[in-house]
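Here is a friendly walk through a structure that may be new to you. Have the sequence and the model open, and take the points in order.

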Amino acid sequence: MSTTGATADPLAALGSLPGVADSVEAVRKSVDRVYGHRIMRRRSNEITGEAALRGARGSAALSGADWALEEVRRRTDFSGDDEARVVGAALRLTAEAGQLLSIWRQSPLRVLARLHLVAAAGAGDEVGRPRQDGEPVDEPLVELPLPSAAEVSGRLEGLAELIIAGGSAPALVTAAVVHGELLALRPFGSHNGLVARVAERIVLVGSGLDPKSVCPAEVGHAEPGRAAYLAALEGYVSGTPEGMSAWIAHCGRAVELGARESTAVCEALQRGAA
């Protein structure tokens, strides 16, 4: 997404694209249904914890580690193989996200660096900083053209300026742009998908749309499958109004599905308490 020159608030302008207002309204209604559930008044911490687990599982699935939820719940060692390390990274990122909310609006690039450091869990020189020209990117499931390091730097700065400036854009629009931009740019040498999805979560929580983090969009991104996710991402990368609108709608549907997942958890807890 180009973040310079078009309008004073390009994120707000995206909110006027056809269909976006409907997506924003549908998301709000879905989120309100979860927060209005009677179980949320008494056991919201349990819902938040379960949403975190399910969100991490969904994000890991989109990065190639499609484990059953009970396997993620049961496992304690995530160092055994590549898939286990992906699941471990997703779990660490979900846990870390809540600690970074206060920093995000002042220094989003610092938060992104921290997220990559947590995900990579390594000490290499490339960890926790945007990639440089000639450095490889390990993101095999995303096969879109890779922007240059110079383009990455410029677009990250532009994205950070928009976040710091705030504006009138709905939270869904901002979250969708943050997610899409990070996945399109792949600014780090690895774990870009995991970082992009947890950054979306930070926006949704920090904006007040989902303050208790009980509507895991990662679940909704994973449910239709990786092909649908990548097809929607191609719409974002195209930069056309139709493509951008489709990506925002995809992200909105993901939040709705995440809300539905937590509503089901509430219903199960309620049946157990009856």
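1. **A place to start.** Arg41 lies in helix 3, where helices (DSSP runs of H or I, at least four residues) are numbered from the N terminus. With a relative accessibility of 63%, Arg41 counts as exposed; the cut-offs are under 20% relative accessible area for buried, over 50% for exposed, and partly exposed in between, with a 1.4 Å probe and protein chains only. From Arg41 to Ala150 there are 109 residues in sequence and 48 Å in space, C-alpha to C-alpha.

2. **What you are looking at.** Please keep in mind that this is a predicted model, in which local features need pLDDT of at least 70 and side-chain atom pairs count only at pLDDT 80 or more, while totals for chains, interfaces and linings use all residues. Residues are numbered from 1 along each chain as its sequence is written, and side-chain values use heavy atoms, with hydrogens and water left out.

3. **Helix 5 and its length.** Helix 5 covers residues 82–97, which is 16 residues. The expected span is 1.5 Å times one less than the number of residues, so helix 5 should span 22 Å, and this agrees with the 23 Å between its end C-alpha atoms. At the start of this helix, a side-chain oxygen of Asp81 comes to within 3.2 Å of the backbone nitrogen of Glu83.

4. Which residues of helix 5 are buried? They are Ala84, Val86, Val87, Gly88, Ala89, Ala90, Leu93, Thr94, Glu96 and Ala97. Their cover includes helix 3 (38–62), helix 4 (69–74), helix 6 (101–104), helix 7 (108–120) and helix 10 (192–206).

5. **Helix 3 against helix 5.** These two helices pack at an angle of about 135 degrees, and their axes are 8 Å apart. That makes helix 3 oblique to helix 5. Axes here are lines fitted to C-alpha atoms, for helices over the stretch in contact, and angles run from 0 to 180 degrees between N-to-C directions; under 35 degrees counts as roughly parallel, over 145 as roughly antiparallel, 65 to 115 as roughly perpendicular, and the rest as oblique. On the helix 3 side, Ala52, Leu53, Ala56 and Ala60 meet Val86, Val87, Ala90, Leu91 and Thr94 of helix 5.

6. **Helix 3 against helix 10.** Helix 3 also packs with helix 10, at about 145 degrees and with axes 9 Å apart. Ala51, Ala52, Gly55, Ser59, Ala60 and Leu62 of helix 3 make this contact with Leu194, Arg197 and Arg201 of helix 10; contact means heavy atoms within 4.5 Å.

7. **Glu218, a buried acidic position to look up.** Glu218 sits in helix 11 (residues 217–222). Is Glu218 buried or exposed? Glu218 is buried, because its relative accessible area is 3%. Setting aside neighbours within four places in sequence, Glu218 is in contact with Gly55, Gly58, Ser59, Arg197 and Arg201.

8. **Helix 7 and helix 8.** The axes of helix 7 and helix 8 (residues 149–165) come within 9 Å and cross at roughly 120 degrees. That makes helix 7 oblique to helix 8. Pro108, Leu109 and Leu112 of helix 7 make the contact with Leu156, Glu157, Ala160, Ile163 and Ile164 of helix 8.

9. **Val20 and Ser245.** Val20 belongs to helix 2 (residues 20–35), and Ser245 to helix 13 (residues 241–273). Although 225 residues apart along the chain, their C-alpha atoms are separated by 6.2 Å. Val20 is buried at 0% relative accessible area, and Ser245 is buried too, at 13%. Not counting residues up to four places away in sequence, Ser245 touches Leu17, Pro18 and Val20. The side chain of Ser245 reaches the backbone oxygen of Pro18 at 2.6 Å.

10. **Two positive phi values.** Most residues other than glycine have a negative phi. Arg186, however, has phi near 45 degrees, and His191 has phi near 60 degrees. Arg186 is in the loop between helix 9 (171–185) and helix 10, and His191 lies in the loop between helix 9 and helix 10. Arg186 counts as buried at 3% relative accessibility, whereas His191 counts as partly exposed at 21%.

Conventions. A polar contact is a pair of N or O atoms within 3.5 Å; within protein, one must be able to donate a hydrogen and the other to accept it, and residues adjacent in sequence count only if both atoms are side-chain atoms.
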